[in-house]
Each structure stands twice: as structure tokens, then as C-alpha cells.
Amino acid sequence: MANAESNVDNNVEGQNVEGQNADGQNAEGPSAEGPSAEGPVDIDAVKRDWVGHKFDSTQFRVHGDRMLAWAEACGETDPRFTDADHPDFQAHPTYTAQFGAKQLFPKGFPKLGRGGFDAGKAVEVHQPVHAGETLTGESEIHDIYTKTGRSGTMIFIVHRMTFSNEAGEPVSTVDWRIMRSAKD
Amino acid sequence: MRYEDVELGDDLPETEPDVSMARVLQFCGSAKMNFPRFNDHEAARKEGLPGAIVPGIMSQGLLASMIHHWAPGARIVKLDTVFRTPIVVDTHPRCVGAITDTDDEQRRVEVDLTIMNDAGNTSVLGTALVELD
Amino acid sequence: MILDLHTHSVRSDDGRAKVENYCQWIRKKELPLDGFVLTEHRQFDDTSDYRELEDRYGLVILKASEVETDYGHVLVFGVNDDLRAAFDFARIDNSLPVVLESARRCGAVAAPCHPGRVNVGLFAHYEQKGPVEGVEMVEVCNGGSRSGEDELSAREAEHFGYKGFGGSDSHIVSRVGNCATQFDRDIHSIDDLVAALRDGHFEARTWRTPRAT
């Protein structure tokens, strides 16, 4: 279990979860993943073994100045998100999509494919997020599947993070579809 | 914009968001994601990309802003996006949306969302569930 | 009769459209569609029953599949138990000749979709591996195509003598019907559709607008 002070003010040791993909950090570099599978990977077996597996709990502090910069950069005009003095000042609805766990995948998770791209995110908002809050994000593998597309054969791993506030109330659920290229 | 003002089939006003390098740098600073593929055209090309790209989560934020612009005060309950192709920084994408379902009891609408790139191809598509007064 | 032969619902992993919402949209927007075919990715949905929606909205709603082969993606119309036993719909590397032969043998029709698309289009594989016997028709109008893809599809279809049909490939509600297929007869069942496709009396139609590409 993560120390309550660890990762406060940081997103995954200072790196955003998309940055992990961009740098290929977890794809090619030191990783919590296990060794590459010998021969073709049985995706159904991996799915049976890992879907629903909870593996990380990380804390994140929400900063008002970053909330404002985010909203402005996204072209927001609603004062709930752009005016720190607004009585209902809150983070933009998909704000928690930036927060990444300390590990992209659980320890021992088989290395599926290579590389990594953000194929999309779904954010469900349970209640607003406010400046100064410390959120706890708990991770699990939510789904694994393969398909082919313009980019070739791809493996999708859905990393779900459930965020709660200091009162333990759920504030958002984020599903992150991580796309990796299958080894042909 | 109140729930009573909305009908299935309505189009949201189209937006042309600012994805200039300045804006993307601002976003990346807010999210602490300063990586070359987002802030350096040349470095991004070396990674095989057409140029520096807009972070996927920024494209989500652009769509959320489009919804709020259409309905100030609306509450986005869910926003689900599929990232199809990168949006290149310093280009001119368009955000469009349309109402595809209404729920009288919950005063919620479902919205189809698309971001199209300069060539008119879909970069991002998705849906949102929005609660209105 | 005009049918959108290629749509996805929330049953597909990247689908976000509910079937009733498709129906509502078609009627609200007064689209020139008499119905649509749900072609879910790598599966056949044998549990959903859309007859009540058909009656309520006056639309034909049929079920089919989009499977993945070594020559790209293929729509399969007329799925039955025999066909589902012939190959694994969930695989991403089915043999196209096997899919085509199995469909023929089991009374179904298998037709490559978005054939002009890289990696998952028939003609990209033809370039490398040569043509396959048994292809009779391909999707020449796909609502999700990027610039140039449908043009390539139409050109190559003509070259190989394949009939062309259309479908939106919609994954969200508002994309339904931007491409479709016009038939010269009424179609009320999957058997009617299979027979109409086999007879070859159809043509692709497109209503794409700048916003719908």
C-alpha cells in the first residue's frame, strides 16, 4: 500500500501516465511486467488470470492553479472551472484522467506486445473534484482483448482507476484503453 | 440551456479549438506531461508521428468545453472517447456534437462527439452523458 | 429498399450506440433508410431480440457479424449454427478462403468490408499475396473511410469484377446511414438479405456530408 505522502504533488513520480507511454518506459524499459511470454500468448488465459486484479493505490493532490491552467488550455469558458473565486470552483470533468498509478500493470503481468499508445479514455464523474483535495486512485485490470485495425494487430489492456476523496467518497472512475502492438 | 430546450437530433454549436503550441504547452504544464511528442514537432516526427500531437486527454477536455459552451452549468456525468488518429499541434481541428437520446426522468441527454482534423477525417469520437437543469 | 449493411452497437468493443437510439435517430432525422444490419466485431449476437423495436419504429433490424481474417475484415450475413462451428468468430487471424467457403457451404454470404483500408482491407493484402477465389462483392462505400480509401475500393472492385455495397460502419448513433445499400426488392429477414446479395441486384449509396466523414 502506498505511503500516504508518496506521490503527493506528483503524477507517477513526476511523470504523467501518457508520458509513460510516450517514453515507452513500461513497454521497453524497466517494468513491473514479467518476462516476455514464450511463443504466442493466450489472451483468454491472461484475461482469466488478471481481469479484476487490483494492484495499486496511489494518492494525488489537486492543485487549484493547475486546474485553472487545464481549463483555460481546453478553451473552457464556464466560470465553475475558470474562476478560482467561483462558489462552485471545481476541476474540469475529465481532470482525473491525467493521474496514473505507480505501475501501469501489476507485478508479474505478462508482457503483451510492445510499445504503447493511448487508445482512449472513459471518465465517469461521481462528484466534483475541488482544489486542495487529496484523491486516492485504486487500479485494476478491467479488460483485455485483441483486434486488428489500420495500425495492424493490437492488444488492448483496459486499466481502470477508481478515485475517491478524503472522505472516502467516489469522485470518478477512469478507464484507460492502452493499445500495444502485437508481435507478428 | 435547460433540458426543455433540447430535442433529440439537435446539433451542438461547432467549435474550432485552439491547439496551438502555446495552448498545448499550457495544458502539458498543468498535467505535468512535458514530453517531446507533445511539444516538439521535429522530435515527434522522429518518433514516426506527423508532428507534435495534442495529448489525448486534452482532446477530451476540448470536447467537455464544447459541451459547457453549449450548455453553461451542465454537468457531465460521463465522457467516453476513442482516439483514432493524432491531432497535430498548430492545425485546425473541429469539434462537433449531436443529441442522440433524452431522459425526461433524469433530465439527461446523450451526446455524440467527434473531433475532425484538417483533412476532415475523424481523430476522436465518443459520447457523453450530460445532466441539464 | 435501402439498408445500412454495416453498423455496430455497444456489443462491439468500440461501439457506443444503443440500438433503440439508432432507430430514434433514423426517424427523427428522416433518414432514407428502411433498416440496418448490426455487424458486431468478432461475434454473433444470438441473445438480443429487436423485433419489438422493428415494430415500434417500422424498421428492419437484422443481425450479422464482422470477422477478422488474414486478408482483412469481412462481413458475414446469414450466420447460423453450422457457420459458427466452421470457424472461430473471435479469432483475428481466420483464413479468408475458409471463411468464404464456409459461408457458401452454410448458406451465408461473406463479403470483405472497407477493402481499401490499410492492414484490414482486402486490397492491401492482394498487393502482397495476390487475389483470393470466391470473393464476389465488397464494401465500396464505408462511412468511416478516410480520403482515398473508398476510391481505391471502387477502382479495385471494378478491376476484379466484384459487386459493391455500402455501409456506414457506424460506432456512434449519428453516423448511421451515411453510406448504405439500395436493393431492388423488399427485405424483411436475413434470408431475404442473403438471397438479395447473392442475386447481385443492389448498389452502394452514400449521403456523406463534410461533418459525417
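Before anything else, pairing: I call two strands paired if DSSP finds at least two bridges between them. Helices (H or I, at least four residues) and strands (E, at least two) are DSSP runs, numbered from the N terminus. I am working on a predicted model, where local features need pLDDT of at least 70, side-chain atom pairs count only at pLDDT 80 or more, and totals for chains, interfaces and linings use all residues. Residues are numbered from 1 along each chain as its sequence is written, with chains lettered from A and ligands numbered from 1 in the order in which they are written.

**Entry 1: strands in chain B**

I started at strand E3 (residues 108-116) of chain B, and checked how covered it is. Eight of the nine residues of E3(B) are buried, where buried is 20 or more other C-beta atoms within 10 Å of a residue's own, exposed is 12 or fewer, partly exposed is in between, and C-beta atoms are placed from the backbone.

Next I looked up the partners of E3(B). Strand E2 (residues 94-103) of chain B runs antiparallel to E3(B), joined by nine bridges. E4(B), residues 122-131, is also antiparallel to E3(B), again over nine bridges. I picked B:Asp112 in E3(B) as my reference point: B:Ala98 stands opposite it, and in E4(B) its bridge partner is B:Thr127.

Then the turns. The E2(B)-E3(B) hairpin has four residues between its strands, and B:Arg107 in that turn has a positive phi of about 55°.

**Entry 2: where chains A and B touch**

How many residues does the contact take from chain A and from chain B? I found 30 from chain A and 32 from chain B, with contact meaning C-beta atoms, placed from the backbone, within 7 Å. On the chain A side, helix H1 (17-23), helix H4 (64-73) and strand E2 (114-125) each give two or more residues. E2(A) gives the most, with eight residues.

I also noted that E2(A) pairs with strand E1 (residues 75-83) of chain B, antiparallel, over five bridges. A:Gly120 stands opposite B:Val82 there.

**Entry 3: chain C overall**

Chain C has seven helices and nine strands. Its C-alpha trace spans about 45 × 40 × 35 Å along the principal axes. Buried residues are 53% of the 213 in chain C. Among contacts in chain C with a separation of 6 or more, 73% are between residues 24 or more positions apart.

I traced an open sheet of seven strands in the order E5-E4-E3-E2-E1-E8-E9 (chain C), with mixed pairing. Strand E5 (109-112) and strand E9 (202-206) of chain C are at the edges with a single partner strand each, so one side of each has no neighbour in the sheet. At the E9(C) end, strand E8 (residues 179-183) of chain C pairs with E9(C) in the antiparallel sense over five bridges. C:Phe183 has C:Phe202 in E9(C) as its bridge partner.

**Entry 4: helix H5 of chain C**

Which residues of helix H5 (residues 122-129) of chain C are buried? They are C:Leu122, C:Phe123 and C:His125. The buried residues of H5(C) pack against strand E4 (72-77), E5, strand E6 (137-142) and helix H6 (149-160) of chain C. On the face turned away from that buried side, H5(C) carries the exposed residues C:Glu127 and C:Gln128. After H5(C) comes C:Gly130, with a positive phi near 85°.

Methods:
Two residues are in contact if their C-beta atoms, placed from the backbone, lie within 7 Å.
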